[in-house]
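Student: Hi, I've got a new model open and would like to talk it through with you. Could you load it here?

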Amino acid sequence: MQTNLSRLGGQLGVLLCLVGFVVMFLGWNGAASQALVPAQFPYLISGGVIGLAIVIVGAAMIVVQNQRQDRAKIEAALDRLAAATEQRGAAAAAAAGGVGFTGFVVAGESSYHRVDCHLPEARDEAELVRIEDVITRGLSPCRVCTPPRTGQLTN
């Protein structure tokens, strides 16, 4: 039901554009049938301006419908990308033997994180280092992702 209503927006926009052009034509035809300029103004106002407004509304409906379709395509592509990423991550975890730790951590200025932790992603100073190097830097483990402490290889 929702897909039928969403397609109706573009079709209704095309219909409104056609109706607007017909109204403008009728206004022009009425104004052309009058010889005096003051007698032409009511036709121009009622036919021309109202017809133009109807065409603008119809064109806006077409643009909105196209944006809805584009957004739906982008959302579907993002869903496929997220599913593929999750599958690849699960396959990589299974290939690692389920340990979940590779011997590397992401080091910041004062703490270190698991590679899959989301906290250091946006930080420029974060870098990938071996777990043994965190002792020399004096880094503390992250409280959110709880990476292994030095000497531990599992959670």
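Predicted model: local features only at pLDDT ≥ 70, side-chain atom pairs only at ≥ 80, totals over all residues.

Student: Great. How many helices and strands are in the chain?

Tutor: The chain holds three helices and four strands. Reading from the N terminus, the order is α-α-β-β-β-α-β.

Student: And what share of the residues is buried?

Tutor: Of the 155 residues in the chain, 22% are buried. The accessible surface comes to about 11000 Å², and carbon and sulfur atoms account for 63% of that area.

Student: What about contacts, how many join residues at least 24 apart?

Tutor: That is 60%, counted among contacts between residues at least 6 apart in sequence.

Student: Switching to charges: how many salt bridges does a search of the whole structure find?

Tutor: It finds two. As background, side chains of opposite charge can pair when their charged atoms come close.

Student: Let's take Glu75. What does Glu75 form a salt bridge with?

Tutor: Its partner is Arg71, and the closest N and O atoms are 3.9 Å apart. The cut-off for a salt bridge is 4 Å, so a pair at 3.9 Å is counted.

Student: Where do those two sit relative to each other, Glu75 and Arg71?

Tutor: Both are in helix 2, which covers residues 37-95. They are four residues apart, so about one helical turn separates them. Glu75 is partly exposed, at 43% relative accessibility.

Student: And the other one, which side chain does Arg137 meet in a salt bridge?

Tutor: Arg137 meets Glu127, with 2.9 Å from N to O. Arg137 belongs to helix 3 (residues 133-137) and Glu127 to strand 3 (residues 127-130), so this pair ties together parts that are 10 residues apart in sequence.

Student: New topic, then. Which residues form a nonpolar patch on the surface?

Tutor: Leu8, Leu12, Leu15 and Val19 do, and together they have about 320 Å² of accessible area.

Student: Where does Leu15 lie?

Tutor: Leu15 lies in helix 1, which spans residues 2-32.

Notes:
Residues numbered from 1 in each chain as written. Heavy atoms only, no water. Patch = residues over 30% accessible without salt bridge, like charges linked within 9 Å, V, L, I, M, F, W, Y side chains within 5 Å. Areas by Shrake-Rupley, 256 points an atom, 1.4 Å probe, with all protein chains shown as cover. Buried < 20%, exposed > 50% of the residue type's maximum accessible area, 1.4 Å probe, protein only. Contact = heavy atoms within 4.5 Å.
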